[in-house]
Amino acid sequence: MNHLIAPSILSADFANLKEDILMLNNSEADWIHVDVMDGLFVPNISFGFPVMAAVKNYALKPLDVHLMIVDPDRYLEAFKTAGANVITVHYEACTHLDRTVHKIKELGCKAGVALNPHTPVSLLENVIEEIDMVLIMSVNPGFGGQKFIQNTYNKIQELRAMANEKNPSLLIEVDGGVSSHNSLALLKAGANVLVAGNAIFGADDPVHAISEMKKLSPD
Ligand code: DX5
Ligand code: ZN
């Protein structure tokens, strides 16, 4: 499978969000990554339904919604209504992860599970066959523009090995500090969805930055 690029609008210009969405529509981006933070699960608050619905009004690409919120079950339906196509919840935020994953799928969305940097991949052993995607956090979630954590490579390799056995079509998304410096190595380790905020929106030419990431070839 060709890898996917999911620019994170956390690094977009919120006063000109429409322009940034139109830019993404005209780029080689595959998904639009939407970071929702509640100030409890992570020490930051980003944005909620009204902003997401406004994005959906213009977006021509699927919305990849990363929920950094406690007890996400409370809001799954509302995120679907606001336009989510992929919904990713954190392993650390779900008491009944299997139930949460099934709810997401019943809503007609792809279901993802995110792991914080300290959370071992092995904890997914009993749910990996049920999910469409695992999001490996390569920074501690909460903010854009942080430094990439090197141990991420080991986690991606371990997860890809587990997926080869139990769920070969699993998407492995990596999020945090992804840039032109590490994208190819991440794809080679087994990731196939790259999230990037600063590396895209901080570039002089974001459309070009996206296309450079898209044309990398891990083989
Ligand atoms: C961090 C978010 C990321 C963030 C990535 O909590 O989940 O999606 O926006 O931003 P960069 O690519 O700048 O690290
Ligand atoms: Zn994210």
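**View 1. The shell around ligand 1, by residue class.** In this predicted model, the shell around ligand 1 has eight nonpolar, twelve polar and two charged residues. Here Ala, Val, Leu, Ile, Met, Phe, Trp, Tyr, Cys and Pro count as nonpolar, Asp, Glu, Lys and Arg as charged, and the others, Gly among them, as polar. Of the 22 residues that surround ligand 1, the closest are Ser-8, Pro-141, Gly-144, Gly-197 and Asn-198; a residue is near the ligand if its C-beta atom, placed from the backbone, lies within 6 Å of it. At least two shell residues come from each of strand E2 (32-37), strand E8 (193-196) and helix H7 (198-201). Helices (H or I, at least four residues) and strands (E, at least two) are DSSP runs, numbered from the N terminus.

A note on reading these views: residues are numbered from 1 along each chain as its sequence is written, while chains are lettered from A and ligands numbered from 1 in the order in which they are written. The model is predicted, with local features needing pLDDT of at least 70 and side-chain atom pairs counting only at pLDDT 80 or more, whereas totals for chains, interfaces and linings use all residues.

**View 2. Two annotated positions, Asp-175 and Gly-177.** The unreviewed UniProt entry lists "binding site" positions, including Asp-175 and Gly-177; UniProt positions follow the numbering used here, feature names are shortened, and annotations may be inferred rather than shown by experiment. You will find Asp-175 in strand E7 (residues 171-175). Asp-175 is buried because 26 other C-beta atoms lie within 10 Å; the cut-offs are 20 or more for buried, 12 or fewer for exposed, and partly exposed in between, with C-beta atoms placed from the backbone. Beyond four places in sequence, Asp-175 contacts His-66, Leu-135, Met-137, Ser-138 and Val-195, a contact being C-beta atoms within 7 Å. Gly-177 sits in the loop between E7 and helix H6 (183-189), and it is buried too, with 23 C-beta neighbours inside 10 Å.

View 3. Eight strands run in the order E1-E8-E7-E6-E5-E4-E3-E2, with parallel pairing; two strands pair if DSSP finds at least two bridges between them. At the edges are strand E1 (4-7) and E2, each pairing on one side only. Strand E4 (residues 84-90) and strand E5 (residues 110-115) share five bridges, and His-90 has Ala-114 in E5 as its bridge partner. Helix H4 (residues 97-106) packs on the sheet, touching E4 and E5, and its direction makes about 145° with that of E5; axes are lines fitted to C-alpha atoms, for helices over the stretch in contact, with angles from 0 to 180 degrees between N-to-C directions.

Note on methods:
Contact = placed C-beta atoms within 7 Å.
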